[in-house]
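Trainee: I'm new to this one, and I'd like to understand the labels rather than just repeat them. Can we go through them together?

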Amino acid sequence: MEKLLIEGGHELKGTVQVSGAKNSAVALIPAAILADSTVTIDNLPNISDVETLAYLLEEIGGTTKLDGDTLVIHPEKMFSMPLPNGRVKQLRASYYMMGAMLGKFNKAVIGLPGGCNLGPRPIDQHIKGFEALGAKVTNEQGAIYLQAEQLTGARIYLDVVSVGATINIMLAAVKAKGKTVIENAAKEPEIIDVATLLSNMGANIKGAGTNVIRIEGVDELHGCRHSIIPDRIEAGTYMIVAAAMGKGVKVDNVIPLHLESLSSKLREMGILVEDGDDFIYIENRKSLSPIDVKTLVYPGFATDLQQPFTSLLTKVKGASIVTDTIYNARFKHIDELRRMGAKIKVEGRSALVNGGTPLQGAKVRASDLRAGAALVVAGLMAEGVTEITGVNHIDRGYAALEEKLIGLGANIWRESLTSHELEEIESS
């Protein structure tokens, strides 16, 4: 168990390289189950979720080799082994194993997933999709049992726009008999990335990235090589870091179009944002304007950037409002920011930020991945040293965080927790 320490107040400048997209990686690795020959995935982020998924593929008979940012998957000997417990519960995205194994073997047993605790994120839309394709779904002792004689294409309307359900139904449908239509589908770039991999494997998918996806089932899928898109949430976090403390920061290996909602909000605040072909340059300006932000499904402002963005707004003199329409439990970082001196009031799904008072270093705890990112942003801005526990959450989504920030001029390091600190965490 470790803690992250940040000495705030250092100006940041230089270039930071963005890793491959976490939200793509966690879907692409299970998707490899559907192939009958070797799948190679490049540009993977160096995060714990990737190792967990590679381990799960080995549990069901596959062999995997992770070398740097490349994972080679041999799915030829995979079988429908139940995964009710163990590592499958460690990450939210283990639910993609359901769609992939159902699509390949017509059956699966998967333990209900873990990941960040953001309030209810039900998988009812996933189950609705699987049932429409002809699967019988039961929930027994905390595991989902899926069974089908034969999956058959269907017309599925999602009641709520869900990235997870859209991808999971795609995974189950690519080998189903006949035609599947997913209506009110999510449009995130990661869905296009998964559709690109499946198409390279021989699937017939049209409309990924729009709200209607059409899939014509095929009998078999072959292996291929695929390179993951850059992580827009990681890129957005470094853009926010640059807006907070940057004296000229180039965020490299990005697709600027994926970050348009954030770029426009930063410009509205008065920050210099310049797009290149595959980079975004950001420079802080001294006088910034307060703004209102509302999270929406893509291409709107990402809920995953709401928390670090809230930290940035504590710097801006005046009142800003942040509203999260996606997750109602996404304000757990606010109490921690208050410990650092932030003046923030939460009312329902909105946080009112009265900015302009400098933050002070304090002992704080990351309750989830993006709350951790918010505390890192706050620590970089604060006077003195900030100590962050719950670093395991941050490691789930940000590869080489310290190295990247040190490269920009930050003073950030790790220390082991003392036995007294461990006791405090366990008792809390």
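Trainee: Let's start with two helices: in which hand does H7 pass H13?

Mentor: The crossing of H7 past H13 is right-handed. Keep in mind that this is a predicted model. H13 covers residues 401-408, and the two helices pack at about 35° with their axes 12 Å apart.

Trainee: What makes the contact between H7 and H13?

Mentor: From H7 come Glu234, Tyr238 and Val241, and from H13 come Leu401, Lys404 and Leu405. Those residues divide into 4 nonpolar, no polar and 2 charged.

Trainee: H7 also packs on H8. Why is H7 called roughly parallel to H8?

Mentor: Look at the angle. The axes of H7 (residues 232-245) and H8 (residues 260-269) cross at roughly 10° and come within 11 Å. Angles under 35 degrees count as roughly parallel, so H7 is roughly parallel to H8.

Trainee: Which residues meet there, in H7 and in H8?

Mentor: Gly236, Met239, Ile240 and Ala243 in H7 meet Leu262, Ser263 and Leu266 in H8. This contact of H7 with H8 has 5 nonpolar residues, 2 polar and no charged.

Trainee: Now H4 and H5. What makes H4 roughly parallel to H5?

Mentor: H4 (residues 124-132) and H5 (residues 163-173) pack at about 25°, their axes 8 Å apart. With the cut-off for roughly parallel at under 35 degrees, H4 therefore counts as roughly parallel to H5. Their crossing is right-handed.

Trainee: And which residues of H4 and H5 meet?

Mentor: On the H4 side you'll find Gln125, His126, Gly129 and Phe130, and on the H5 side Gly164, Ala165, Asn168, Ile169 and Ala172. They split into 4 nonpolar, 5 polar and no charged.

Trainee: On to the rings. How many aromatic pairs does the structure hold?

Mentor: There are 2 aromatic pairs.

Trainee: Why is the pair of Tyr95 and Tyr96 called edge-to-face?

Mentor: You need two values, because a pair of aromatic rings is described by the distance of the centres and the angle of the planes. The ring centres of Tyr95 and Tyr96 are 4.9 Å apart and the planes stand at 90°. Rings pair if their centres lie within 6.5 Å, and planes over 60 degrees apart count as edge-to-face. Tyr95 and Tyr96 pass both tests, so the pair is edge-to-face. Both tyrosines, Tyr95 and Tyr96, are buried too.

Trainee: What kind of pair do Phe301 and Phe309 form?

Mentor: An edge-to-face one: Phe301 and Phe309 sit 5.2 Å centre to centre, with 70° between the planes.

Trainee: How do you know whether Phe301 and Phe309 are buried or exposed?

Mentor: Check their relative accessible areas: 4% for Phe301 and 1% for Phe309. Buried means under 20%, so Phe301 is buried, and so is Phe309.

Trainee: Let me try the opposite case. Is Gln141 buried or exposed, and why?

Mentor: Gln141 has a relative accessible area of 82%. Exposed means over 50%, so Gln141 is exposed. Gln141 sits in the loop between strand E7 (136-140) and strand E8 (143-147).

Trainee: What makes the backbone of Gln141 worth a look?

Mentor: Gln141 has a positive phi of about 50° although it is not a glycine. Most residues other than glycine have a negative phi, and most peptide bonds are trans. Asn184 is another non-glycine with a positive phi, about 60°, in the loop between strand E10 (179-183) and helix H6 (189-200).

Trainee: Which peptide bond is cis, with omega near 10°?

Mentor: That's the bond from Tyr298 to Pro299. Pro299 lies in the loop between strand E17 (292-295) and helix H9 (306-313).

Trainee: Last one: why does Ala195 count as buried?

Mentor: Ala195, found in helix H6, has 5% relative accessibility. The limit for buried is under 20%, so Ala195 counts as buried. Leaving aside its neighbours within four places in sequence, Ala195 is in contact with Met170, Ile205 and Ala208.

Methods:
Residues numbered from 1 in each chain as written. Predicted model: local features only at pLDDT ≥ 70, side-chain atom pairs only at ≥ 80, totals over all residues. Heavy atoms only, no water. Axes fitted to C-alpha atoms, helices over the stretch in contact; angles between N-to-C directions. Helix = DSSP H or I, 4+ residues; strand = E, 2+ residues; numbered from the N terminus. Parallel < 35°, antiparallel > 145°, perpendicular 65-115°, else oblique. Left-handed = near helix turned anticlockwise from the far one by under 90°. Contact = heavy atoms within 4.5 Å. Nonpolar A, V, L, I, M, F, W, Y, C, P; charged D, E, K, R; others polar. Phe/Tyr/Trp six-rings, centres within 6.5 Å; stacked < 30°, edge-to-face > 60°. Buried < 20%, exposed > 50% of the residue type's maximum accessible area, 1.4 Å probe, protein only.
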